Amino acid sequence: MRRPHKLVSGVGVLNAAMVFITLLYGAIGFFGYLKYGDDVKGSITLNMGDDIQSEIVKVSVALAVFFTYGLQFTACFEVVRKAAQPHIGKGREIVGFYIIRNLLIFGTVLFGIAVPQLASVISLVGSVGFSVLGLFLPAITETIVFWNGGLGWGRWRVWKNVGLAIIAIFALISGTSVAIRDIFSNYQ
């Protein structure tokens, strides 16, 4: 934090961490597909057997989710808490904090229990979220921010962002159609 510019520089902490995570996920996906082929399931732990090593991995994953779920849920919780803040009486902020947090956590758990084929719903949310929030909106935002100057030589930022927008639209249409088809086939 002494040099915050190092966080987002070209070879900064954020980019280095994301490259490492992407390579790690890619390696797990590659080796999982290499081992199980077309029979690979949505989570590699579902393909594991019932031996002691597989059970240790499954318990470790469950504990990791259990202990980090509150942290992962913090951004969503803060949005809801700020919207509910005017409706919580003075002196009851702590009680309101815990009630809202527990309701949201139990709500997501109940949703997970109520929807038996959650993977297809997660696929739908992921395809929409990735294409819109991950590609389309950043491309549009960068174009708007640099519109009056800074588009680069030959307006390369515009061309890059048009390409990203086209990829985002393609990912949105293809990913959403596949996810909806999966949802219909799972719930018939």
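Read along the sequence, the protein chain of this predicted model follows the pattern α-α-α-α-α-α-α. That makes seven helices and zero strands. The chain has a radius of gyration of 21 Å, well over the 16 Å that the globule rule gives for 188 residues, so it is more spread out than a compact globule. The C-alpha trace spans about 60 × 60 × 45 Å along its principal axes.

Of the 188 residues in the protein chain, 16% are buried. Among contacts between residues at least 6 apart in sequence, 45% join residues at least 24 apart.

The next feature is the largest pocket, with a volume of about 490 Å³. Two elements each give two or more residues to its lining: α5 (93-114) and α6 (118-145). Helix α6 gives the most, with six residues. The lining includes L118, A119, V121, I122, V125 and G126, and also T108 and F111. G42, S43, L46 and Y69 line the pocket as well. By residue type, the lining divides into eight nonpolar and four polar residues, with no charged ones.

The protein chain averages a pLDDT of 86, and 98% of the residues score at least 70. Among the elements, helix α7 (residues 156-186) has the highest mean pLDDT, 91, while helix α1 (residues 5-8) has the lowest, 70. Where pLDDT is low, the predicted coordinates should not be read in detail.

Terms used:
Residues numbered from 1 in each chain as written. Predicted model: local features only at pLDDT ≥ 70, side-chain atom pairs only at ≥ 80, totals over all residues. Heavy atoms only, no water. pLDDT = per-residue confidence, 0-100. Helix = DSSP H or I, 4+ residues; strand = E, 2+ residues; numbered from the N terminus. 1 Å grid on protein atoms, 1.4 Å probe; cavity = no way out; pocket = protein on both sides within 12 Å on 5 of 7 lines; lining within 4 Å. Points joined across faces, edges and corners; volume = space filled by probe spheres on them. Nonpolar A, V, L, I, M, F, W, Y, C, P; charged D, E, K, R; others polar. Rg over C-alpha atoms; globule rule 2.2 N^0.38 Å. Buried < 20%, exposed > 50% of the residue type's maximum accessible area, 1.4 Å probe, protein only. Contact = heavy atoms within 4.5 Å.
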